[in-house]
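Notebook open, model loaded. I'm jotting down what I look up as I go.

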Amino acid sequence: MARALALAERGRGRTSPNPIVGAVLVRAGRVVGSGWHERAGADHAEVVALRQAGPKARGATLYCTLEPCAHHGRTPPCVDAIIQAGVRRCVVALRDPHDIVDGRGLRRLRGAGIEVSVGLLAREAREALGGYWRAHRVGLPRVTWKMAVTLDGKVADRAGRSKWITGPAARQLVHRLRAGADAVVIGAGTARADDPRLTARLPGAPDTVCQPLRVVCDTRLRLPLSLRLFGPALAKGTVVACGPAAPAARARALERRGVAVWRLPLASGRVSSRALARRLVRGGRYDVLLESGPTLGTAWLEAGLVGRIALFTAPRVLGAGGLAWCGPLGNGSLARALRGRISACGGAGGDLFVMVEMEGRGR
């Protein structure tokens with residue numbers, strides 16, 4: 001199952017709205033077939049593994065990171081292929097939370113006389129599925145808030161300059177986070193200050209990277225049309241989320257360029273983070289990378305939407321004049337501070353990278 005989980009990761013960023021899945025077939029103690037779901041519309045992991053195994057699949061045990069599907073989608077049901085191949089036993093990490101599956105595949109396999117067990121490395125599988133699991137359980141995406149900060153927790157100097165706090169290695173890791181995300185979200189302040197492209201740029205693989213949806217929160221549609229996100233190269237695949245009263249003329253100007261405009265309800269005077277999160281899920285965007293500054297990021301954190309914080313820390317000290325990465329949360333005391341668990345930690349060139357799983361929030 002550990003091998004199947006590792007295989008599943010090869011599809012990250014390419015399968016949405018389908019989940020990443022890995023599968024391994026074992027017969028007489030030897031691996032006879034393996035595979036992963038490479039991209040949406042392609043064969044599922046189980047079918048790839050069965051094809052590789054051929055006649056050796058008969059009497060084998062299939063290890064799969066997620067319940068095999070039992071419905072016709074872009075591809076035929078995986079359970080049909082498993083039954084026809086003569087697989088003897090199926091070990092599944094997780095039952096599929098999607099209501100179109102949700103136990104149907106397991107029942108079909110058992111009904112065909114195949115021995116089925118569920119739960120092996122379930123925690124690891126659920127963590128790997130991330131946004132897919134959360135989207136189909138509660139209708140919200142998994143949100144990772146990415147920040148690059150100084151040693152004393154500042155994201156910019158007193159003049160608002162932030163390029164570059166961290167070095168090239170850390171920035172390359174950010175591109176990998178983007179490549180694994182379904183959408184990247186920023187606020188109007190970040191868009192105006194940095195004029196980012198929000199694309200995933202990985203060396204050696206420019207044509208194989210699926211670009212995330214680019215989303216800018218601009219409540220009143222005041223951002224200049226000269227931003228790179230609104231130019232010919234990036235307009236298609238970019239969304240501006242605004243409030244109901246944003247000027248119609250500005251919306252039309254963006255739409256003529258190919259930019260999508262989403263009118264959403266407001267919360268505390270800005271685009272509702274929860275409404276935007278649900279809109280992203282309806283569009284099949286289950287894993288969201290939040291690359292905003294402290295204002296928007298704190299709002300999403302307060303709303304309980306941030307499940308992970310990816311913190312890149314540079315060995316620099318700005319002092320009291322810098323801008324802190326997180327705004328007021330109203331906790332008031334250390335006892336009420338939000339808590340998290342460090343799930344990954346390591347060097348990124350001369351900087352430090354820490355991934356924190358927030359307890360009880362966005363999980």
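Before packing, a definition: I call it contact when heavy atoms lie within 4.5 Å. Helices (H or I, at least four residues) and strands (E, at least two) are DSSP runs, numbered from the N terminus. Housekeeping: this is a predicted model, where local features need pLDDT of at least 70 and side-chain atom pairs count only at pLDDT 80 or more, while totals for chains, interfaces and linings use all residues. Residues are numbered from 1 along each chain as its sequence is written, and side-chain values use heavy atoms, with hydrogens and water left out.

**Entry: helix α3**

I started with the packing of α3, whose buried residues sit against α2 (45–53), β3 (61–64) and α4 (104–111). Which residues of α3 (residues 78–85) are buried? I find Cys78, Val79 and Ile82. Buried here means under 20% relative accessible area, exposed means over 50%, and partly exposed is in between (1.4 Å probe, protein chains only). Looking down the axis of α3, I see its buried residues fall within an arc of 100°, so they line one face of the helix. That arc is taken from the directions from the helix axis to the C-beta atoms. A reminder to myself: an α-helix has 3.6 residues a turn, so residues three or four places apart point the same way. After α3 comes Gly86, with a positive phi near 80°.

**Entry: the sheet**

Next I traced an open sheet of 5 strands, with the order β2-β1-β3-β4-β5 and mixed pairing. Two strands pair if DSSP finds at least two bridges between them. Which strands stand at the edges? They are β2 (30–36) and β5; each has a single partner strand, so one side of each is left without a neighbour in the sheet. From one strand to the next, the twist averages 15°. I then zoomed in on β4 and β5, which pair in the parallel sense over 4 bridges. Val91 stands opposite Ser117 of β5. Helix α4 lies across β4 and β5 and runs at about 150° to β5. For such angles, axes are lines fitted to C-alpha atoms, for helices over the stretch in contact, and the values run from 0 to 180 degrees between N-to-C directions.

**Entry: salt bridges**

How many salt bridges are in the whole structure? My search gives 15, counting a side-chain nitrogen of Lys or Arg within 4 Å of a carboxyl oxygen of Asp or Glu.

I looked at Glu115 with Arg88, whose side chains meet at 3.9 Å, N to O. Glu115 lies in strand β5 (residues 115–118) and Arg88 in the loop between α3 and β4 (89–92), so the pair ties together parts that are 27 residues apart in sequence. Glu115 is partly exposed at 40% relative accessibility, and Arg88 is partly exposed at 44%. I also note that Arg88, Arg89 and Glu115 are linked in a network of salt bridges.

Then Arg161 with Asp157: the closest N and O atoms are 2.9 Å apart. Arg161 is exposed, at 57% relative accessible area, whereas Asp157 is buried at 18%.

Last pair: Glu291 and Arg178 form a salt bridge at 2.7 Å, N to O. Glu291 is in the loop between β14 (287–290) and α11 (294–302), and Arg178 is in helix α7 (residues 168–179), so this pair ties together parts 113 residues apart in sequence. Are these two buried or exposed? Glu291 counts as buried at 9%, and Arg178 is buried with a relative accessible area of 9%.

**Entry: Thr298**

I found Thr298 in helix α11, buried at 4% relative accessibility. What does its side chain reach? It reaches the backbone nitrogen of Gly327 at 2.8 Å. A polar atom of the Thr298 side chain also lies 2.6 Å from the backbone oxygen of Pro294. Leaving aside neighbours within four places in sequence, Thr298 is in contact with Trp145, Cys326, Gly327, Pro328 and Leu329.

**Entry: Met147**

Met147 is in strand β6 (residues 142–150) and counts as buried, at 3% relative accessibility. What is it in contact with, beyond neighbours within four places in sequence? My list for Met147 reads Val155, Ser292, Ala310, Leu311, Phe312 and Trp325. I also checked Ala183: from Met147 it is 36 residues away in sequence and 16 Å away in space, C-alpha to C-alpha.

Key. Polar contact = N/O pair within 3.5 Å; in protein donor to acceptor, adjacent residues only side chain to side chain.
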